[in-house]
Amino acid sequence: MADEWDSDVRGPISDFDPFSDMYTAETAMDTNRRLRRCPIGRSVGHGGFWTLARHADVLEGFRLDGRELSARHETLDDGTVLGGVTLPPTSTHLGMIEQDPPIYTPLRRSLAQHFTRKAMAARRPRIDALASALLDRRIESGEAEILDDLIRPLAGIATLELLGLPLEGLARFAYPVHSASHDLSKADGLRRIWSSLKADIADVIASRAGQEPRDDLIGAVSLLEVPDWPPSTDFVVDTVFILLLGGVETVTGLFSGTLQHLDAHPEHRARLAADPDLLDSSFHEYLRFITPTTQNARTVLADLEIGGQEMSRGDRIYLNLYSANHDEEVFERPDEVILDRSPNRHMALGHGLHRCIGEHLAKELWTSMMVEVLTRIPDFAVVPGEAVPIVERGLNNGFVSMPVTFTPGAPRHLDDTAADDVSRALLSLRDM
Ligand code: HEM
């Protein structure tokens with residue numbers, strides 16, 4: 001995979017392209033295994049990039065983040081192009097996540113207060129009520145589509161509420177995010193969808209002008225303060241955009257991947273149903289195993305060496321999280337799910353400076369819907385041959401759709417308000 005040497009590219013040439021046939025649902029695990037065995041190689045596609053595939057190398061990359069490596073997305077005065085946090089770079093700036101210290105530090109500190117374990121645990125009763133209302137709508141029929149009926153609206157509604165966007169905006173705000181986001185190499189489709197979403201976010205922010213700031217995330221983002229760096233309106237919109245982008249599809253990928261695995265492993269399903277305390281470690285083990293966000297990217301700011309390979313200012317780096325999370329040097333039986341794996345040094349939520357701010361929200365959402373499924377439709381079965389995986393693994397892992405059947409049950413009608421809110425949100429999807 002990286003056995004030639006080319007002096008022009010200063011290292012072994014690799015044929016690795018995460019947006020090609022070598023990185024699909026069928027081939028990615030095998031490709032990663034080969035990448036981990038080879039020296040760090042440089043691919044020429046997508047503007048050229050180094051791939052870090054071993055756990056130790058990805059960890060080192062994260063250790064250098066914000067100093068020798070940059071998350072920024074802009075062209076510097078000396079012409080160095082910084083490509084942000086994805087490979088290839090997105091057509092749009094992603095706000096806070098594409099900043100380095102010192103500007104980044106106060107931004108992260110301010111927003112982190114809204115995502116603490118305690119703040120997210122306080123949202124759990126509402127999340128449980130929404131999850132229960134969503135399953136109520138399907139339970140009598142004995143069939144459901146796991147993504148559209150259950151987890152995507154749950155993650156979507158919870159994210160809209162956190163941000164302070166209207167529930168009727170489920171179709172407008174939370175769903176355009178998923179429709180084309182798996183293959184960043186198809187830039188045109190993404191550019192169109194994302195620009196229209198950002199215009200909608202800008203309208204909401206503009207409509208709040210002159211009002212008292214509200215106690216929600218849009219309010220918090222609008223009030224962000226950085227010494228000598230007043231955030232522009234575009235930056236505020238971009239940061240709201242990344243909060244939407246972060247919340248919905250990642251949780252959907254994790255949950256659908258978990259159910260597919262439980263469908264194929266009844267022994268795991270039985271263990272989880274019998275011992276809900278296992279959900280804690282299982283959340284991290286499924287994160288590791290599935291790795292819903294399979295890559296992060298950075299740009300080299302100062303010449304450096306990682307894994308024995310020298311890299312220069314301006315070089316792009318692909319941090320292969322999916323591979324690092326299956327590295328046999330760190331994880332025993334890496335391609336198996338071990339529900340109580342400990343320690344579990346996965347990097348599915350990133351690591352260090354930009355580690356996922358939404359971890360606790362993701363955990364509440366996943367756990368809440370897992371409890372619903374394990375207690376109310378414990379005999380669910382994925383309809384054979386009907387689950388459609390995300391084929392391109394360059395950016396995301398999970399499923400596009402997953403129909404299941406189960407023994408019909410009775411609705412619980414736990415919370416009328418949640419049921420009405422769910423109806424209102426889902427109504428907005430009718431015209432999609
Ligand atoms: C299973 C669910 C999730 C996964 C796998 C995931 C994955 C990640 C990863 C890998 C990063 C690091 C990015 C980097 O370093 O370049 C990250 C950061 C981030 N995530 Fe998540 N995420 C999840 C859920 C969420 C949720 C629910 C939200 C919010 C509503 C969210 C919002 C963010 C934001 C804003 C960042 C940037 C943080 C920063 O730059 O300080 N994520 N996430």
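Helices (H or I, at least four residues) and strands (E, at least two) are DSSP runs, numbered from the N terminus. The model is predicted: local features need pLDDT of at least 70, side-chain atom pairs count only at pLDDT 80 or more, and totals for chains, interfaces and linings use all residues. Residues are numbered from 1 along each chain as its sequence is written.

Two cis peptide bonds are described here. One runs from Pro 101 to Pro 102, with omega near 5 degrees. Pro 102 sits in the loop between strand E7 (81–83) and helix H3 (104–112). Another joins Ser 342 to Pro 343, with omega near -5 degrees. Pro 343 belongs to the loop between helix H14 (321–324) and H15.

Helix H11 spans residues 233–264. Its 32 residues reach 48 Å from first C-alpha to last, close to the 46 Å expected at 1.5 Å a residue. The expected span is 1.5 Å times one less than the number of residues. Burial was assigned from C-beta atoms placed from the backbone: a residue is buried if 20 or more others lie within 10 Å of its own, exposed if 12 or fewer, and partly exposed in between. H11 is mostly covered, with 25 of its 32 residues buried. Thr 250 is found in this helix. Thr 250 counts as buried because it has 23 C-beta neighbours inside 10 Å. Contacts require C-beta atoms, placed from the backbone, within 7 Å. Neighbours within four places in sequence aside, Thr 250 contacts Pro 292, Thr 293 and Ala 362. Its C-alpha atom is 16 Å from that of Leu 94, 156 residues away along the chain.

H11 also contributes to the ligand shell. A residue is near a molecule if its C-beta atom, placed from the backbone, lies within 6 Å of it. The ligand is surrounded by 24 residues, the closest being Gly 246, Gly 247, Gly 350, Cys 356 and Gly 358. H11 and helix H15 (359–376) are the elements that give two or more residues to this shell. The largest share, 7 residues, comes from H11. By class, the shell holds 14 nonpolar, 9 polar and 1 charged residues. Ala, Val, Leu, Ile, Met, Phe, Trp, Tyr, Cys and Pro count as nonpolar, Asp, Glu, Lys and Arg as charged, and the others, Gly among them, as polar.

Strands were taken as paired if DSSP finds at least two bridges between them. Strand E4 (residues 49–52) pairs with strand E3 (residues 42–43) in the antiparallel sense over 2 bridges. Arg 42 stands opposite Trp 50. E4 also pairs with strand E12 (residues 316–320), here in the parallel sense over 3 bridges. Trp 50 faces Ile 317 in E12. Phe 49 and Thr 51 point one way from E4, Trp 50 and Leu 52 the other way, and all are buried.

The hairpin of E3 and E4 has 5 residues between its strands. His 46 lies in this loop. Its phi is near 50 degrees, a positive value in a residue other than glycine. His 46 counts as partly exposed, because 19 C-beta neighbours lie inside 10 Å. Thr 291 likewise has a positive phi, of about 50 degrees, and is not a glycine. Thr 291 lies between helix H13 (279–290) and strand E9 (295–300). With 28 C-beta neighbours inside 10 Å, Thr 291 counts as buried.

A further open sheet has 3 strands in the order E8-E16-E13, with antiparallel pairing. Strands E8 (143–145) and E13 (381–382) stand at the edges, each with a single partner, so one side of each lacks a neighbour in the sheet. E8 joins strand E16 (residues 403–405) through 3 bridges. Ala 144 has Val 404 as its bridge partner.

Methods. Two residues are in contact if their C-beta atoms, placed from the backbone, lie within 7 Å.
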